[in-house]
Amino acid sequence: MTQVAEQPVATGPSADYIRQLVPDPILTVRDLKTWFPVRRGVLRRTVAHVKAVDGVNFNVPRGQTLGLVGESGCGKTTVGRTILRLIPATSGEVRFNDTPLFELGRGEMRRMRRNMQIIFQDPVSSLNPRMTVGAIVGEPLRVHGMASGSELADRVESLLKRVGLSPEYRRRYPHEFSGGQRQRIGIARALALEPELIICDEPVSALDVSIQSQILNLLGDLQDELGLSYLFIAHNLAVIEHFCDVVAVMYLGRIVEMASAAELYDNPRHPYTMALLSAAPHPMPGRKSERIILRGEVPSPMNPPGGCPFHPRCHMAQPRCGEQVPQLEPKAGQDGHVAACLVTE
């Protein structure tokens with residue numbers, strides 16, 4: 001990993017506060033950065049970096065769900081793929097069951113991936129159209145040498161049943177299924193190696209609302225049955241509130257607020273979270289919240305603003321917000337509620 005220059009930040013033991021919120025994590029992420037070089041000229045020299053992930057810290061609770069929420073382009077998907085080393089990290093540390101993933105060799109990481117799987121956002125592009133459903137679901141078992149022959153066929157049928165599909169579907173191809181069925185196939189594939197952690201990369205955003213609830217209920221039942229831990233990436237606040245135990249709000253490559261789901265939705269302490277919640281439709285007829293209108297556009301991750309990355313759009317910004325980068329610090333409310341804001345208390 002390439003080390004990068006640090007910006008001056010406000011002091012504060014944010015890792016201690018995160019441990020207070022999630023004391024028994026299955027996954028620990030510390031100061032994770034994923035910067036993509038921008039190269040120009042004949043010699044393809046690096047002239048800048050796109051700071052997709054810029055110093056992220058969080059813990060995923062064991063047997064529960066951490067929701068990672070934010071606008072499109074804030075770096076959520078990059079976080080998930082960097083954790084699995086599908087994208088190389090620039091710097092930082094990721095520990096799974098206290099094992100440092102970035103220090104593992106290729107063979108060790110391949111074995112570790114049995115315990116960590118991913119469900120992709122698009123159920124169409126994530127499935128090979130030339131492979132049958134049985135071959136898709138059974139591929140992880142074959143690659144890792146965990147089953148073959150009749151045992152492989154039996155395990156594929158069992159996985160299809162577990163996600164609500166007929167075992168007879170194993171002979172069909174992905175184009176013969178609906179979007180919700182294809183996502184169930186993706187879930188079956190993720191379950192094949194009996195992982196402890198699954199990264200759900202917006203698994204319901206491409207589905208109809210009625211199908212979304214079915215997939216969420218399936219994921220919840222699987223978590224209760226198998227003791228799974230989820231890192232659930234989404235931009236839908238209603239889905240996050242319903243499904244997640246702990247919520248982390250991300251803006252421009254950084255975590256800006258983190259708390260239990262109930263605490264964060266009842267008592268948001270970061271102006272960006274307040275704005276997101278004010279824009280969400282309220283389920284109670286006739287009940288409206290005062291809409292917070294954000295100024296301007298989301299800054300470029302290639303040239304983020306100095307100080308707090310949100311201050312150019314913030315309705316509560318003060319002069320010091322443009323000078324100092326805030327860290328996650330405890331705020332009023334339940335223990336473990338942290339936000340990266342210099343203004344709120």
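User: Before we start, what makes two strands count as paired here?
Analyst: Two strands pair if DSSP finds at least two bridges between them. Keep in mind that this is a predicted model.

User: Ok. Which residue in strand 8 is the bridge partner of threonine 65?
Analyst: That's tyrosine 230. Threonine 65 belongs to strand 3, residues 65-69, which pairs with strand 8, residues 229-234, in the parallel sense over five bridges. Valine 69 also has a residue opposite in strand 8, namely alanine 234.

User: And how many bridges join strand 3 to strand 9?
Analyst: Four, and those two strands run parallel. One example is glycine 67, whose bridge partner in strand 9 is valine 247.

User: What's the order of strands in the whole sheet?
Analyst: The order is 6-7-8-3-9-10-12-11, eight strands in an open sheet with mixed pairing. Strand 6 (116-119) and strand 11 are at the edges; each has a single partner strand, so one side of each has no neighbour in the sheet.

User: Back to strand 3. Are its residues buried or exposed?
Analyst: Buried, five of five, so to speak: strand 3 is mostly covered. Thr65, Gly67 and Val69 point one way, while Leu66 and Leu68 point the other way. In a regular strand, side chains alternate between the two faces of the sheet.

User: Which strands does helix 7 lie across?
Analyst: Helix 7 (residues 209-226) lies across strand 3, strand 6 and strand 8, and runs at about 160° to strand 8. Helix 10 packs on the sheet too, touching strand 9 (246-251) and strand 10 (254-260), with its direction at about 105° to that of strand 9.

User: New topic: at what angle do helix 4 and helix 5 pack?
Analyst: About 115°, with the axes of helix 4 (residues 133-143) and helix 5 (residues 149-162) 9 Å apart. That makes helix 4 roughly perpendicular to helix 5. The crossing is right-handed.

User: Which residues make that contact?
Analyst: From helix 4 they include Val133, Val137 and Leu141, and from helix 5 they include Leu152, Val156 and Leu159. By class, the contact has seven nonpolar, two polar and two charged residues.

User: Last one: where is leucine 328 found?
Analyst: In the loop between helix 10 (271-279) and strand 11 (329-330).

User: Why does leucine 328 count as buried?
Analyst: Because its relative accessible area is 7%, and buried means under 20%. Its C-alpha atom is separated by 9.8 Å from that of leucine 342, which is 14 residues apart from leucine 328 along the chain.

How values were computed. Residues numbered from 1 in each chain as written. Predicted model: local features only at pLDDT ≥ 70, side-chain atom pairs only at ≥ 80, totals over all residues. Heavy atoms only, no water. Buried < 20%, exposed > 50% of the residue type's maximum accessible area, 1.4 Å probe, protein only. Contact = heavy atoms within 4.5 Å. Axes fitted to C-alpha atoms, helices over the stretch in contact; angles between N-to-C directions. Parallel < 35°, antiparallel > 145°, perpendicular 65-115°, else oblique. Left-handed = near helix turned anticlockwise from the far one by under 90°. Nonpolar A, V, L, I, M, F, W, Y, C, P; charged D, E, K, R; others polar.
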